[in-house]
Amino acid sequence: MGAWAADTSATPAPSASATHKTSASSIHKTSAATDTNGAAVDPEALGNLLLQDCGSCHGMTLKGGLGPALTQERLAVYDVDTLTTIILEGLPGTAMPPWRDLLSAEEARWIAETLKHTDAQELP
C-alpha cells in the first residue's frame, strides 16, 4: 500500500459528510444482485456511488483528481482483498476516508472487483 499512499494528497481525511451518507444510503435498495461470495449487493446503486462519491476525489471518470486514478491499469498491482481493505479502512495520512460505516464488506468487495475488471464508462 505504500505506493498507493505516495500518489495521494496529504490532506487530512474528511469525515463522512451528509453527501456521503445520502449517496451511500441509497445502496441498500431491494433490487439486488449477488457478488462472488453470494451476498446481496445493488450494482446500480454501487455504480452510482463509484461515479459520484468516489469520483468526487478520484475524478468523475475515475482517471484521477485529488486521489489517484481508479483505472484497471492503475489498480492492476493490487489484489481485490487489498482494495477492499483500502475502501473499508481508508488510508491514514491521506484524503482517503474509511467507508466501513457506510458500506458492508460485501459492497466494498463488489466495488473492488468492479474497479479491477470494469472501465468507468461500463459501470452499471
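**Ground rules.** I am working with a predicted model, where local features need pLDDT of at least 70, side-chain atom pairs count only at pLDDT 80 or more, and totals for chains, interfaces and linings use all residues. I number residues from 1 along each chain as its sequence is written, and side-chain values use heavy atoms, with hydrogens and water left out.

**Layout.** I found six helices and two strands; these are DSSP runs numbered from the N terminus, with helices being H or I of at least four residues and strands E of at least two. Along the sequence I read the pattern α-α-β-β-α-α-α-α.

**Surface and contacts.** I looked up burial next: 44% of the 124 residues count as buried (buried is under 20% relative accessible area, exposed is over 50%, and partly exposed is in between, with a 1.4 Å probe and protein chains only). The accessible surface comes to about 6,400 Å², with 54% of it belonging to carbon and sulfur atoms; the areas come from the Shrake-Rupley method with a 1.4 Å probe. For contacts (heavy atoms within 4.5 Å), I took those between residues at least 6 apart in sequence, and 63% of them join residues at least 24 apart.

**Salt bridges.** How many salt bridges does the structure hold? I noted three, each a side-chain nitrogen of Lys or Arg within 4 Å of a carboxyl oxygen of Asp or Glu.

Arg109 meets Asp81 at 2.6 Å, N to O. This pair links distant parts of the chain, with Arg109 in helix 6 (residues 105–117) and Asp81 in helix 5 (residues 80–89), 28 residues apart. Asp81 is partly exposed, because its relative accessible area is 47%.

Arg109 also meets Glu113, at 3.3 Å, N to O. Both lie in helix 6, four residues apart, which is about one turn of the helix. Is Glu113 buried or exposed? I have Glu113 down as buried, since its relative accessible area is 15%.

Arg100 and Glu89 pair at 2.3 Å, N to O. Arg100 is in the loop between helix 5 and helix 6, and Glu89 is in helix 5, 11 residues apart. Arg100 is partly exposed at 46%, and Glu89 is partly exposed at 40%.

**A loop residue.** I stopped at Leu62, in the loop between helix 3 (43–58) and helix 4 (72–75). Its phi is near 65°, a positive value in a residue other than glycine. Leu62 counts as buried because its relative accessibility is 3%.
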